Amino acid sequence: MSSALKKCFNLAKTVGNATVKSFLAAPRQAWPACSAVALQTPHAPAMQMHTSPVRRDLMEFFDDKKNWSENEVKVGRAWRTEELRIKSNKELHQLWFVLLKERNMLLTMEHECNDKMEVFPSPERIDKVKISMENLETVVRERNKAYHLLETGETGERPHKAVKNAFGLQVTYRSCEHYLPPFMNLKWIKSRNIGFGGRAVNRFLLKYREKLYNAKRKAKNRSRNEVMMILRRNPNFDLDALRRQFPDVNVDKLRNDDKIRGHYVPKVGV
């Protein structure tokens, strides 16, 4: 060990011993003041991010005891993106940990209720927390993209492209970093050069497209039949409202169809 390093260690030891001795020699009335000053460190406000009472035990993973025997717990709605856009990055960071803590608590309570064969009160709370976290991630991604576009002219996100998998379906492939270059990474080459083709794959694609077409056709027929029943029961129904509610149905053409005529005798003006 060099002499300069030894001098630094000796100096630090001397200063530390002097500080401890002066603290112990101080009167006891000054100790609470020292502890109060120590609590006012820059890291202390970060511990006050939770809105619920701070608990330091495993009961933080469980809901409040007054809600255990309830069938319904009244909660608010999920956070919207327009509400999160007006918050600062620090507030979004704190809110993320609050939502994460709430999600862990709800999942623990759901598992416990299922284990005890009891009803989990207000299970929609989990969906609201998930929606809030998704909206928060959307806002953070928007800010990151805006920052990178301003600084570098790029979005800063992982590049992606549309490729076809082994079944011939189009999927999104996101690029990632590898230790080896492409011509040396045999595992990556085998995983990406699968390709598609053959009689079995073409037959699968034919049936898959037929399934999608039938689902679209049945949905259109259901909308058409619903409009037809509405016009049959209410001949004077607002057509503009029907056009807005069913944009894929030709309401004007369907109005002149004989199938919408109900079993009634129209009134003829005298």
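**Entry 1: Asn135**

I began with Asn135, which is buried at a relative accessible area of 17%. For this I took buried as under 20% relative accessible area, exposed as over 50% and partly exposed as in between, with a 1.4 Å probe and protein chains only. The model is predicted, so local features need pLDDT of at least 70 and side-chain atom pairs count only at pLDDT 80 or more, while totals for chains, interfaces and linings use all residues. Residues are numbered from 1 along each chain as its sequence is written, and side-chain values use heavy atoms, with hydrogens and water left out.

Asn135 sits in helix H5. Helices (H or I, at least four residues) and strands (E, at least two) are DSSP runs, numbered from the N terminus. I then looked up what Asn135 touches, leaving out residues up to four places away in sequence, and found Trp79, Arg80, Thr81 and Leu84. A contact here means heavy atoms within 4.5 Å.

I checked the length of H5: its 28 residues should span 40 Å at 1.5 Å a residue, and its end C-alpha atoms are 41 Å apart, which agrees. The expected span is 1.5 Å times one less than the number of residues. Buried residues in H5 include Arg125, Ile126, Val129 and Ser132. Their cover includes helix H3 (81-84) and H4. Just after H5, Gly153 has a positive phi of about 80°.

For H4, 27 residues should span 39 Å at 1.5 Å a residue, and the end C-alpha atoms are 39 Å apart, which agrees. I listed its buried residues as Leu92, Leu95, Leu99, Met105, Leu106, Met109 and Cys113. H3 and H5 are among what covers them. Just after H4, Met117 has a positive phi of about 60°.

**Entry 2: cores**

Which residues have the most contacts inside the largest nonpolar core? I found Leu84, Leu99, Leu106, Phe120 and Leu136, in a core of 14 residues. A nonpolar core is a set of buried Ala, Val, Leu, Ile, Met, Phe, Trp, Tyr and Cys residues joined through side-chain atoms within 4.5 Å. Helix H4 (89-115) and helix H5 (124-151) are the elements that give two or more residues to this core. H4 supplies the largest share, 7 residues. Apart from this core lies another of 11 residues, among them Leu231, Leu239, Phe246 and Leu254.

**Entry 3: aromatic rings**

I counted 2 aromatic pairs. Rings of Phe, Tyr and Trp (its six-membered ring) pair if their centres lie within 6.5 Å; planes under 30 degrees apart count as stacked, over 60 as edge-to-face and the rest as tilted. Phe167 and Phe204 have ring centres 5.9 Å apart and planes at 55°, so this pair is tilted. Phe167 lies in the loop between strand S1 (160-164) and strand S2 (170-174), and Phe204 in helix H7 (residues 199-233), 37 residues apart. Phe204 and Tyr208 form a stacked pair, 6.0 Å centre to centre with 25° between the planes. Phe167, Phe204 and Tyr208 make one aromatic cluster. Phe167 is exposed at 52% relative accessibility, and Phe204 is partly exposed at 35%.

**Entry 4: confidence**

I looked up pLDDT, the predictor's confidence in each residue from 0 to 100. The mean for the protein is 78, and 74% of its residues reach 70 or more. Over residues 28-51 pLDDT stays under 50, and the model has 11 contacts beyond four places in sequence for them.
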